[in-house]
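I opened a new notebook page for this chain.

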Amino acid sequence: MAYPEPIERLVREFEKLPGIGERTAERLAFWIVSHPAEEALRLAGALREVKEKIRLCSVCCTVSLEDPCGICASANRDRGTICVVEETRDLARIEATASFRGVYHVLHGRLAPLDGVGPNDLTIGRLLARARAGVQEIILATNPTVEGDATAQYIATRLSEIPGVPHRVTRLARGIPAGSTMEYASRTTISDALLGRRDISSQKR
Ligand SMILES: [Zn+2]
């Protein structure tokens, strides 16, 4: 059924969010309608603040208050080793292990052709540009899911096409259970997966 236009509009906006279908969008919209204005305005304020203050690091594409982010700006990180992750929260999980001294690249998703997510929807182009500028190793730390594996394989292929720039391309060891995601792995599991990484392709120096 048709609701008054402002509610219809709110429902359509909620429907654009990941994992939100029409019914949930309606439920969220009517939660807003039925609650005091200050609660909804607090939500609106949080949305505005995040868009005003949070930006993507122009080097590694992670979300940050600064550009470049603290990791890319740090003198103590090894810029020759790039760890590629799907989301900023995966970066945070690896950082929490304190076992990685390189830098990162955040893809903001994974290849998912069935959901219409192709290479141009991720930050793969910027990763390839970083690789072309010269690095020693690129660790593909996408999740060990079907889509994460396919994304790693796609990136490895694209990296292998870069002429004349020698670099190692590795994939995390299978410490993280297949089909699971980094979100649910323990710190030790992530550290072990990093230590046990293996080459999936390399160009001879
Ligand atoms: Zn950065």
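My entries follow, from the whole chain down to single residues.

**Ground rules**

I am working on a predicted model, where local features need pLDDT of at least 70, side-chain atom pairs count only at pLDDT 80 or more, and totals for chains, interfaces and linings use all residues. I number residues from 1 along each chain as its sequence is written, and side-chain values use heavy atoms, with hydrogens and water left out.

**Whole chain**

I looked up the secondary structure and found eight helices and seven strands. Here helices (H or I, at least four residues) and strands (E, at least two) are DSSP runs, numbered from the N terminus. Along the principal axes, the C-alpha atoms fill a box of roughly 65 × 35 × 35 Å.

Next I looked up burial. Of the 205 residues, 39% are buried. Buried means under 20% relative accessible area, exposed over 50%, and partly exposed in between (1.4 Å probe, protein chains only). The chain exposes about 11800 Å², and carbon and sulfur atoms supply 55% of that area. These areas come from the Shrake-Rupley method with a 1.4 Å probe; for residues, only the protein chains shown count as cover.

I also checked contacts, meaning heavy atoms within 4.5 Å. Among contacts with a separation of 6 or more, 58% are between residues 24 or more positions apart.

**Helix H5 against helix H8**

How do the axes of H5 and H8 cross? I found that helix H5 (residues 88-97) and helix H8 (residues 187-195) have axes that come within 9 Å and cross at roughly 90°. That makes H5 roughly perpendicular to H8, a label for angles of 65 to 115 degrees. The axes are lines fitted to C-alpha atoms over the stretch in contact, and angles run from 0 to 180 degrees between N-to-C directions.

From H5, I listed Arg93, Ile94, Ala96 and Thr97; they meet Arg187, Ile190, Ser191 and Leu194 in H8. These contact residues divide into four nonpolar, two polar and two charged.

**Salt bridges**

I count a salt bridge when a side-chain nitrogen of Lys or Arg is within 4 Å of a carboxyl oxygen of Asp or Glu. The count is eleven.

- Glu95 pairs with Arg77, with the closest N and O atoms 2.8 Å apart. Glu95 lies in H5 and Arg77 in the loop between helix H4 (70-73) and strand E3 (78-85), so the pair ties together parts 18 residues apart in sequence. Glu95 is partly exposed at 26%, and Arg77 is buried at 9%.
- Arg110 and Glu86 meet at 2.7 Å, N to O. Arg110 is in the loop between strand E4 (102-106) and helix H6 (124-132) and Glu86 in the loop between E3 and H5, so this bridge ties together parts 24 residues apart in sequence. Arg110 is partly exposed at 25%; Glu86 is buried at 2%.
- Glu13 and Lys16 meet at 3.1 Å, N to O. Glu13 is partly exposed at 39%, and Lys16 is exposed at 63%.
- Glu137, Arg168, Arg197 and Asp199 are linked in a salt-bridge network.

Most residues other than glycine have a negative phi, and most peptide bonds are trans.

Where is Cys61, buried or exposed? Cys61 is buried at 0% relative accessibility. Its loop runs between strand E1 (55-56) and E2, and its phi is positive, about 70°.

Ala98 also has a positive phi, near 55°. Ala98 sits in the loop between H5 and E4 and is exposed at 62%.

Pro68 lies in the loop between strand E2 (63-64) and H4.

How values were computed:
Angles under 35 degrees count as roughly parallel, over 145 as roughly antiparallel, 65 to 115 as roughly perpendicular and the rest as oblique. Ala, Val, Leu, Ile, Met, Phe, Trp, Tyr, Cys and Pro count as nonpolar, Asp, Glu, Lys and Arg as charged, and the others, Gly among them, as polar.
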